[in-house]
Amino acid sequence: MQQVAPGVHQLTIQRFVNLYFVETGTPGEWVLVDTGLPGSEKAIIEAADKLFYPGTHPEAIILTHGHMDHAGSAQALSEHWNVPVLAHPLELPFLTGKAVYPPADPTVEGGGSLAFVSRFFPPQSFNLPNVQALPDNDIDPPFLPDWQWYHVPGHAPGQVALFREKDRTLIGGDAFATANHESVPSLLLQRPCISVAGAPFNYDWQQVRDSVRQLAELQPQAIGCGHGPVITGLEATMGLQRLADEFPLPLYGRYAYTPARLDENGVAHLPAAPPDQLPKKLIAVAGASVLALGLTFLFDKKKKKAKRAKPESPTHKTPKKFRRQSARTWE
């Protein structure tokens, strides 16, 4: 667990997914921001009991967005603590089982190792019985009077970031990352680097860039995101500004030029998926491997057959029967 700022602690689950314990300002009261992957509830409850007191519970759970690595344990924790789950209204279709997020784009430029593994991710959707909408006419989140929430879509339609003005603390969700999100090893090793988050899951790249620029204008001095270590000081402020100034829009990919369109009901339109060459390459490699193994097997079989058919070399040894007969003759 890392402290992001006074009253804000980051807990990393399974080495690459972050969630946050945020104190409300009233002693003993706090809010949980994001819930990690499914099955993380035990570790989160143990961390909360250690950070606050045994049997503690938050006032509410706030989700920056509803992707599986952020909302995976929301229902289990909500039921355990008997507290509400809050999210932006545009996330509700995906959190109540009415819609599924746009499919990942494994063909996007710069997707790295995350793009490769995104091919195997299941469709993302939940059915949370007690999720509630954040008030869209009030940017002050419930229970957190010193904070404001900002709508930062592009990665998820209702993604929000939380910002505390008095010490310029930012919880950014997946609006960006504080580790190289294109490299799974970098995520696992938690190497600090402000970068684009979740490229294969960004359905609207213009919105992603606008969201980064919006957050950079806040000039945060302490940053915690959904993925990566805590970054503070000038490294936080200048690193985010650099990403905003030099934001790398992809040159190719499903959503590179035509975004998915989403509304209050979920996905309204999806652009056509470009050809994914990797499966063909894998089939070609697999076919070549099978052919090579087959030829090797046939060659070995032919070699063994030829060896069995080869006549034995003549010997100069005298057979035992002849030696016995010769011995009798001499006797």
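User: Where is Phe143 in the chain?
Analyst: Phe143 sits in the loop between β7 (131-133) and β8 (147-151). Strands are DSSP runs of E with at least two residues, helices are runs of H or I with at least four, and both are numbered from the N terminus.

User: What is phi there, for Phe143?
Analyst: Near 75°, which is a positive value in a residue other than glycine. This is a predicted model, in which local features need pLDDT of at least 70 and side-chain atom pairs count only at pLDDT 80 or more, while totals for chains, interfaces and linings use all residues. Residues are numbered from 1 along each chain as its sequence is written, and side-chain values use heavy atoms, with hydrogens and water left out.

User: And what about phi of Arg15?
Analyst: Arg15, also not a glycine, has a positive phi near 75°. The loop that holds Arg15 runs between β2 (8-13) and β3 (17-23).

User: How does the lining of the largest pocket split by class?
Analyst: There are 10 nonpolar, six polar and two charged residues. Nonpolar means Ala, Val, Leu, Ile, Met, Phe, Trp, Tyr, Cys and Pro; charged means Asp, Glu, Lys and Arg; the others, Gly among them, are polar.

User: What about the second largest pocket?
Analyst: The second largest pocket holds about 270 Å³. It is lined by 19 residues, with Pro102, Pro103, Ala104, Asp105 and Ser118 closest to its centre. The lining divides into 12 nonpolar, three polar and four charged residues.

User: How many cavities of 30 Å³ or more are there?
Analyst: One, in a search of the whole structure. The largest cavity has about 40 Å³ of space.

User: What lines the largest cavity?
Analyst: His67, Tyr101, Pro102, Gln124, His155, Phe201 and Tyr203. That makes four nonpolar and three polar residues, with no charged ones. Phe201 also lies by the centre of the largest pocket, among the residues nearest to it.

User: Now helix packing. How do α7 and α8 cross?
Analyst: The axes of α7 (residues 205-216) and α8 (residues 234-245) come within 9 Å and cross at roughly 145°. Axes are lines fitted to C-alpha atoms, for helices over the stretch in contact, and angles run from 0 to 180 degrees between N-to-C directions.

User: Which residues meet there, between α7 and α8?
Analyst: Val212, Arg213, Leu215 and Ala216 of α7 meet Leu240, Gln241, Leu243 and Ala244 of α8, where contact means heavy atoms within 4.5 Å. Six of these residues are nonpolar, one is polar and one charged.

User: And what is the crossing of α1 and α3?
Analyst: For α1 (residues 41-51) and α3 (residues 74-81), the axes come within 9 Å and cross at roughly 45°. Glu41, Ile44, Ile45 and Ala48 in α1 meet Ala76, Leu77, His80 and Trp81 in α3. The contact of α1 with α3 has six nonpolar residues, one polar and one charged.

Technical notes
On a 1 Å grid over the protein atoms alone, a cavity is a set of points where a 1.4 Å probe fits but cannot get out, and a pocket is an open set with protein on both sides within 12 Å along at least five of seven lines; lining residues have an atom within 4 Å of a point. Grid points are joined across faces, edges and corners, and a volume is the space filled by probe spheres set on the points.
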